[in-house]
Protein chains: 2
Amino acid sequence: MIRLFHLPLSPFCRKVRLSLAEKTLQVELVEERFWERNTDFLRRNPAGKVPVLKFGDLILSESAAICEYLEDMYPEPSLMPSDPIARHEVRRMVSWFDDKFHNEVTSKLLYERIYKKLSGRGDPVTENLRAGKQALKYHIDYLGWLLEHRNWVAGNKMTLADFAAAAHFSSLDYFHLPSGNSDSDVGYASDVDWNRNAAVKDWYAKIKSRPAFRGILTDLVPGFTRSPHYANLDF
Amino acid sequence: MIRLFHLPLSPFCRKVRLSLAEKTLQVELVEERFWERNTDFLRRNPAGKVPVLKFGDLILSESAAICEYLEDMYPEPSLMPSDPIARHEVRRMVSWFDDKFHNEVTSKLLYERIYKKLSGRGDPVTENLRAGKQALKYHIDYLGWLLEHRNWVAGNKMTLADFAAAAHFSSLDYFHLPSGNSDSDVGYASDVDWNRNAAVKDWYAKIKSRPAFRGILTDLVPGFTRSPHYANLDF
């Protein structure tokens with residue numbers, strides 16, 4: 001039995017869940033509040049963070065390393081091209097989302113709103129929310145520009161880079177903005193303005209409708225209201 | 001001709017330089033002050049950071065993606081094992097250093113001291129230096145524990161994980177601490193206390209004496225004094 005220690009809204013965990021689902025590997029999900037620094041959990045991963053994937057006695061951590069392992073062990077269906085230049089582009093885009101997008105957007109919006117509440121570390125800092133929202137616009141524009149030149153995030157085939165990107169977008173899209181904060185003119189009650197770029201919206205609609213995405217769309221996180229369009233395939 | 005846009009003390013650039021040197025690929029180094037956000041440079045890498053590797057018209061960025069590309073294209077001498085579990089361990093340890101060690105140690109010590117001065121963003125924050133110094137002790141202990149169970153950072157062969165680790169340690173070891181700040185009892189005038197753990201010192205001595213390390217040991221950064229033991233193989 002494969003067991004994934006995770007948090008439902010962590011984009012790093014979602015990327016691993018999407019890879020597992022695409023490769024039709026059954027997994028048992030175990031929620032792990034890593035900030036409580038449970039001793040058993042630290043034994044599994046001294047970095048003290050999720051995701052951690054357990055195959056019997058084998059314990060894997062670090063989402064990029066886990067996804068590469070899944071690709072090495074279960075190469076079909078493939079989430080990596082075979083050409084070295086195309087592989088580089090997949091890895092560059094995974095880093096783009098997991099490093100740059102994560103620091104500039106996800107940590108500024110999602111972590112401010114959700115993890116601070118969950119871990120009791122106070123209220124969101126308005127300046128961070130503002131910076132995250134501004135950076136998200138820039139990132140949507142960059143992704144839109146890429147998607148005007150290729151079918152998927154890293155080329156003309158769907159790869160791990162699409163899962164990395166969709167993991168961040170789906171986590172952001174979960175959180176229902178309190179009515180006073182939502183931009184009523186854009187028609188979306190999450191941080192993501194899906195009207196900003198048609199190519200980005202089409203791409204997300206395409207990936208959202210894949211069978212591998214179903215698990216993520218059924219997530220419900222106690223204490224946080226889901227945005228009304230979150231699981232809607234026609235959003 | 002291969003050209004690497006880099007900064008001499010960036011551990012991410014050093015990891016790429018070590019991989020190139022180990023694979024005996026000749027490279028021209030071009031120093032890139034990424035914080036000046038030069039337009040040509042942003043065209044090469046919209047993430048606006050180093051390293052960027054240029055093979056003719058091909059432009060590669062993100063150090064992890066670059067090293068995997070070098071491994072895909074120039075598999076000998078190999079810096080990655082062939083077994084999927086061993087490959088996972090290499091990638092986990094690369095992330096350990098480039099993510100956790102970087103955030104907890106390198107950014108708190110090296111960036112506080114060097115990049116703030118270079119980019120004119122003020123004086124080091126004492127609290128960051130103290131936190132970085134404390135975290136470095138913990139990291140040396142963890143690495144020492146690993147090296148008591150294996151010959152190299154990720155197993156019994158030298159891999160990319162050793163270059164990732166050595167890149168961070170060598171950058172930290174460059175900076176000569178002003179005499180008032182150095183711990184005279186440990187005998188080293190950099191942030192790294194090589195007396196803390198014998199296994200870590202032996203490992204660093206081993207990797208430091210490899211031909212691939214020579215380029216890094218001859219680095220001289222104007223405006224910053226090199227610690228006296230920096231290039232010494234018997235330190």
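**Across the interface**

Modeller: Across the interface of chain A and chain B, eight residue pairs are in polar contact, both residues at pLDDT 80 or more. A polar contact here is a pair of N or O atoms within 3.5 Å; within protein, one must be able to donate a hydrogen and the other to accept it, and residues adjacent in sequence count only if both atoms are side-chain atoms.

Colleague: Which elements of chain A supply at least two residues each to the side that touches chain B?

Modeller: They are β4 (58–61), α3 (63–73), α4 (84–118) and α5 (126–147). α4(A) gives the most, with ten residues. Helices (H or I, at least four residues) and strands (E, at least two) are DSSP runs, numbered from the N terminus.

Colleague: Before I go on, what are the ground rules?

Modeller: It's a predicted model, so local features need pLDDT of at least 70 and side-chain atom pairs count only at pLDDT 80 or more, while totals for chains, interfaces and linings use all residues. Residues are numbered from 1 along each chain as its sequence is written, chains are lettered from A and ligands numbered from 1 in the order in which they are written, and side-chain values use heavy atoms, with hydrogens and water left out.

Colleague: And how many salt bridges are there between chain A and chain B?

Modeller: Eight, counting a side-chain nitrogen of Lys or Arg within 4 Å of a carboxyl oxygen of Asp or Glu. One to look at is R87(A) with D72(B), where the closest N and O atoms are 2.8 Å apart.

Colleague: What about salt bridges over all chains, how many?

Modeller: The whole structure has 36. Within chain A, E71(A) pairs with K23(A), at 2.9 Å between the closest N and O atoms. That pair links distant parts of the chain: E71(A) is in helix α3, K23(A) in the loop between α1 (11–22) and β2 (27–31), 48 residues apart.

Colleague: Back to the interface. How much area do chain A and chain B bury between them?

Modeller: About 2200 Å², 61% of it on carbon and sulfur atoms. That's the accessible area (1.4 Å probe) that two parts lose on being put together, summed over both. In chain A, P46(A), H88(A) and R91(A) lose the most, together 23% of what that side buries.

Colleague: New topic: what ipTM does the predictor give the complex?

Modeller: The ipTM is 0.93, and the pTM is 0.94.
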